[in-house]
Amino acid sequence: MRVTKLDREAREVRLDGDSLRFDAVIVATGATPNKLKVPGAELDGLYQLRSFRDAEQLKDAAQGKHLVVIGSSFIGLEAASSLIEGAASVTVVGQDAEVLSRALTPKVGRAIRKLHEDKGVKFHLNAEVEAIEGSGKAEAVRLKSGETVKADLVLLGIGVKPNSDLLADLANEKGAVPVDAHLLAAPNVYAVGDIALAPTVLGEMRVEHWRVALQEGMTAAQSILESANLEPMDQRVPFFWTQQYGKSLRYVGHAESLDDTHLWGDPDELKFIEFAFRDGQAVAASGMGMDRDLAAFEELLRLGRAPGAGKSSKGNSVWWSGWRRAEHHDATPEEVAVGVRGVRRSRGSEG
Ligand SMILES: Cc1cc2nc3c(=O)[nH]c(=O)nc-3n(C[C@H](O)[C@H](O)[C@H](O)COP(=O)(O)OP(=O)(O)OC[C@H]3O[C@@H](n4cnc5c(N)ncnc54)[C@H](O)[C@@H]3O)c2cc1C
């Protein structure tokens, strides 16, 4: 059933032909995938992903077919990894120079792309789509470079817009609804998930990820119930993961820029953590195969004890002030976190 209006004065939500009174309401309406604005965007054979049903339909339709994925970020790459096995071909078209470029540096992005290429996925990067060609249904994607890529199906993974119509007067120009640390957008009205512009330990942000939506739902419910265990959002650290070919990349914190980063481990081995800094302070880390250290880093961020960085002669962050146990020996985030908590724990195997 669809909610058509939220009347905050009357404390009522209207449904098609019905209404419900509320003492408190949580709006968790999510987001809608962006549409492509090029000639041919109205042809049959274009897909978007939001629901489980969308995913099932695409999976069925892609068997034995040539699939072009537009968008080289998380949705596009996860779809490519799921569909390469049954499809005749999968080609990812991305406008950036490397995949996942908003979250990862090119070195890490390249390693993830190689994982895909080894499975047969093809890439056109630094590429703009000019048109979808076909008569009645998609047959090819034409790029601004003049190249065309054969396409029986086209998946659009080009971002989303928050579904904030029910709170349109509270939303900002990007459709995000500002909330406080308890997710309150207006008296008795909570906004959570993809629509919420909420505080975190790293400042205010709108996060389009599952665990944050989950945390926000819990905090809003705890706030309504006046729970003694309420954990406000400004004490929480954003986190998300992506899984491709059974390999999980996890991301903790938030970095607006990747101008100052420091890499531990080897992305080509899919065993690394890449830290990102703001004003010399670590604010985010992405990693694979080093989950314990990443979890410990998350804890340090939450405690406000994330490390600062020293500088190399080139101005890059190369070591951690206060993280070194001895010359040439960096303490790991886990060891530091254990130290911060004053707890003795022996290192086990990777979790
Ligand atoms: C294909 C895909 C893959 C993803 N993969 C990952 C991942 O690997 N890791 C990760 O962290 N995150 C991932 N995400 C993001 C994550 O799923 C979202 O951030 C999260 O689901 C947001 O939760 P939400 O409650 O805000 O919205 P949603 O989960 O989208 O739920 C919104 C609900 O509100 C309903 N609704 C909307 N308007 C109305 C209305 N007017 N009346 C009644 N109901 C309404 C919708 O139908 C929907 O059921 C993925 C998202 C997609 C689409």
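Biologist: How are the residues numbered, and what pLDDT do local features need?
Modeller: Residues are counted from 1 along each chain as its sequence is written. The model is predicted; totals for chains, interfaces and linings use all residues, side-chain atom pairs count only at pLDDT 80 or more, and local features need pLDDT of at least 70.

Biologist: Happy to start with the overview: how many helices and strands are in the protein chain?
Modeller: Both are DSSP runs numbered from the N terminus, with H or I over at least four residues for helices and E over at least two for strands. On that basis the protein chain has six helices and 28 strands.

Biologist: What percentage of the 351 residues is buried?
Modeller: A residue is buried if 20 or more other C-beta atoms lie within 10 Å of its own, exposed if 12 or fewer, and partly exposed in between, with C-beta atoms placed from the backbone. Among the 351 residues of the protein chain, the buried share is 38%.

Biologist: Which elements give two or more residues to the shell around the ligand?
Modeller: The ligand is surrounded by 19 residues, and the closest are G30, G193, H209, W210 and A213; a residue is near if its C-beta atom, placed from the backbone, lies within 6 Å of the molecule. The elements giving two or more residues to this shell are α4 (210–224) and β20 (239–244).

Biologist: Good to know! Which residue of β21 is the bridge partner of W241?
Modeller: Two strands pair if DSSP finds at least two bridges between them, and β20 and β21 run antiparallel, joined by six bridges. They form a hairpin with two residues between them, where Y245 in the turn has a positive phi of about 55°. Across this pairing, the β21 partner of W241 is R250.

Biologist: And which residue of β24 is the bridge partner of V252?
Modeller: Strand β21 (residues 247–253) is mostly covered, as five of its seven residues are buried. β21 also pairs with strand β24 (residues 281–288), in the antiparallel sense over four bridges. There, V252 has as its partner A285.

Biologist: Let's look at the five-stranded open sheet: which are its edge strands?
Modeller: Its order is β6-β13-β7-β8-β9, and the pairing is parallel. Two of these strands each pair on one side only, and they are β6 (46–48) and β9 (122–124).

Biologist: Why does A55 count as partly exposed?
Modeller: A55 lies in helix α1 (residues 52–62). Although A55 and S82 are 27 residues apart in sequence, their C-alpha atoms are 10.0 Å apart in space. A55 counts as partly exposed because the number of other C-beta atoms within 10 Å is 16.

Biologist: Leaving aside neighbours within four places in sequence, which residues is L143 in contact with?
Modeller: L143 lies in strand β11 (residues 140–143). Two residues are in contact if their C-beta atoms, placed from the backbone, lie within 7 Å. V93 is 50 residues from L143 in sequence but 8.9 Å away in space, C-alpha to C-alpha. With those neighbours left aside, the contacts of L143 are V93, H124, A127, E128, V129 and E130.

Biologist: Is L100 buried or exposed?
Modeller: Most residues other than glycine have a negative phi. L100, in the loop between β8 and α3 (106–119), has a positive phi near 50°. Because 23 other C-beta atoms lie within 10 Å, L100 is buried.

Biologist: One more, please: where is L270 found?
Modeller: L270 is not a glycine, yet its phi is positive, about 55°. With 19 C-beta neighbours inside 10 Å, L270 counts as partly exposed. Its place is the loop between β22 (261–266) and β23 (271–278).
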